[in-house]
Amino acid sequence: VSFQDLRAETPLGDLWYHDFWGSKLSSNTSHKSYRPLTVLTFRINYLFAGGFYPVGFHVINIILHCIISVLMVDVFSILLGGLQFSNKGRRLNLAPKSSLLAALLFAVHPVHTECVAGIVGRADLLCALFFLLSFLGYCKAFRENKEGHTFSVFWVLVSVILGAIAMLCKEQGITILGLNAVFDALVINKINLLELIQKLLHKDKSLENAGLLRKGLLFRITLLMSGGASILYIRWRIMGTGPPAFTEVDNPASFADSLFVRAINYNYYYSLNAWLLLCPWWLCFDWSMGCIPLIKSVSDWRIIALAALWFCLIGLICQALCSEDSHKRRILTLGLGFLIIPFLPASNLFFRVGFVIAERVIYLPSIGYCILFTYGFSLLSKQAKKKKILAVAVLGILLINVMRCALRSSQWRSEEQLFRSALSVCPLNAKVHYNVGKNLADKGNQSAAIKYYREAVRLNPKYVHAMNNLGNILKERNELHEAEELLSLAVQIQPDFAAAWMNLGIVQNSLRRFEEAEQSYWTAIKHRKKYPDCYYNLGRLYADLNRHIDALNAWRNATVLKPEHSLAWNNMIILLDNTGNLAQAEAVGREALELIPNDHSLMFSLANVLGKSQKYKESEALFLKAIKANPNAASYHGNLAVLYHRWGNLDLAKKHYEVSLKLDPMAPGTKENYNLLRRKLEQLQKKGG
């Protein structure tokens, strides 16, 4: 989510033209994930919290999951017990125990942790909320009365609108319209799918008797399809261009040349998603970048997983179609429908997706899993002699899920725990090693970070971001030649990688290859026009070459692009001071302090300039303000002492020289100045004596 879209200065209207990550939808680089209503809730969160305080965001996610879990009791009562109303029009819960068990299983399923604990999971939660409301709204369209079956067009249209809202929270939401149609056919019209298929194959003209026209089914399905088509058309128009451009590391199977390899790997991904629902023990924040190696031949033992998946699915489909028990047929078909249909947008069947497996996309399909699990348990309980053992087993599964949720939630509490938890699940995932390395580098543990960055590059030799970060650390450790090799390789692999070009320029500057460094900086700026840090480093290069005008221009560009760029302002003041342009240095210093009034380094630099201009009082005030902000800076005390020394305030000069030497006994020039002052004080004492 783009931070810019959450701030009040961004017009609300812009949210409707931006993707989930803040890029313009019309851009070729856009992710095309269009979720303006989710972003709007983040913006409201930001407004009420007064900034980026995560507690409020997390609380809303937890509340949403709780509301969804409560609504699930109603949804499961309809899916498991059927849709019936009392004489007064109130809906009856004909499966109270089963619906409660299914809702509990949904509420504590560990695979949902990512949606609830991860703030961006808000999209899945909001989508699920309106998805369920759309389904319940559709059910509300049917009432029993004395004249037989009737339905409300109003509630069918409300259901379509709620489906559209679900889609504006996340793309999966549109699938509820298809599920409503399936529910209508199976539950409202009690259609036997096998009979219908047979009649269609034999071109039987008695389709009306199958219930297609009898209760307005075709009319309602036409409404649903028209609504869905309209929503998709508007979505396509807003999107502006074609689908997003993903890379091979995001979804390697979709880039395979062979149709056989693509099909077999897609099916393997489906089996892994199914396994996460059945046994959610191995959870990972990211499954891309080599986490799951491609299956390239039928001799790969992982083919067994595909066979197991399709064996189970075909068995369930046969039972759903051929069982003599209409109740069983209905529940199995609905269970499979809720399992498969919401998963279709993530299946790679219609378009390429930007992930291999994503736990968040299983949030809605898990409804189907809960239906099938609960129905299986109810069948077992009818046949089992010792029902208490079965009840204890189910209770055990719920408790294990609760414990797994608690453990997984604790891993989501910090980046370090989250990234490290992924190492055991996806040791072949270069991004996992990269994230662990970045986390260690941010904490200052460069030696450990290097190890993980090297492993990330080993696992994915084209991982330019890992090369860039590793090159950066090696640069700071003065291992310049290896840093240059890595950064050169990174820009060779990705020629428009501006950050790597800038870092390569810094390394070349350190190696005193100034022309190459200048060229690298300008290449970085060519690929990223608004790059203040690069202008800053370019200014440093020009300063080293005594090209003072060019240096000042580069730093001025940095401050125009980023007015709070303290280092660029400071370097301008210092260069103007060192070249004797005190009036200009003073003007730049005052301009900088107006923009960044609490920056003690700017106060210090301007105080030095004012002291040289003999504006002692103002200089003293700035030095004291800088010292108050940063009392342990030896140079601040040392330069204030020099000011007092010039000013003739020798006692205060002596005091600050001593403080400076105490903080840094090796401070350049301070000891000599202090000794000069002491000799002067001794001479004054002798004269006074």
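Visitor: Which residues touch the most other members of the largest nonpolar core?

Guide: This is a predicted model, and in its largest nonpolar core, which has 202 residues, Phe-76, Leu-79, Phe-135, Phe-183 and Ile-367 touch the most other members. Helix 5, residues 122-140, gives the largest share of this core, with 12 residues.

Visitor: What is Leu-79 in contact with, leaving aside its neighbours within four places in sequence?

Guide: Leu-79 is in contact with Phe-135, Phe-183, Arg-330, Ile-331, Leu-334, Phe-338, Ile-367 and Ile-371. There is also a second, separate core of 8 residues, with Leu-6, Phe-42, Tyr-46 and Ala-123 among them.

Visitor: Changing topic to helix 24, how many of its residues are buried?

Guide: Of its 13 residues, 10 are buried, so helix 24 is largely enclosed by the rest of the structure; the buried residues include Trp-569, Met-572, Ile-573 and Leu-576, and also Asn-570, Asn-571 and Asp-577.

Visitor: What covers those buried residues of helix 24?

Guide: The cover includes helix 22 (532-544), helix 23 (548-561), helix 25 (582-595) and helix 26 (600-612).

Visitor: How far apart are the end C-alpha atoms of helix 24?

Guide: They are 18 Å apart, which agrees with the 18 Å that the 13 residues of helix 24 (residues 566-578) should span at 1.5 Å a residue. Helix 24 is followed by Gly-580, whose phi is positive, near 85°.

Conventions: Residues numbered from 1 in each chain as written. Predicted model: local features only at pLDDT ≥ 70, side-chain atom pairs only at ≥ 80, totals over all residues. Heavy atoms only, no water. Core = buried A, V, L, I, M, F, W, Y, C linked by side-chain atoms within 4.5 Å. Buried < 20%, exposed > 50% of the residue type's maximum accessible area, 1.4 Å probe, protein only. Helix = DSSP H or I, 4+ residues; strand = E, 2+ residues; numbered from the N terminus. Contact = heavy atoms within 4.5 Å. Expected span 1.5 Å × (residues − 1).
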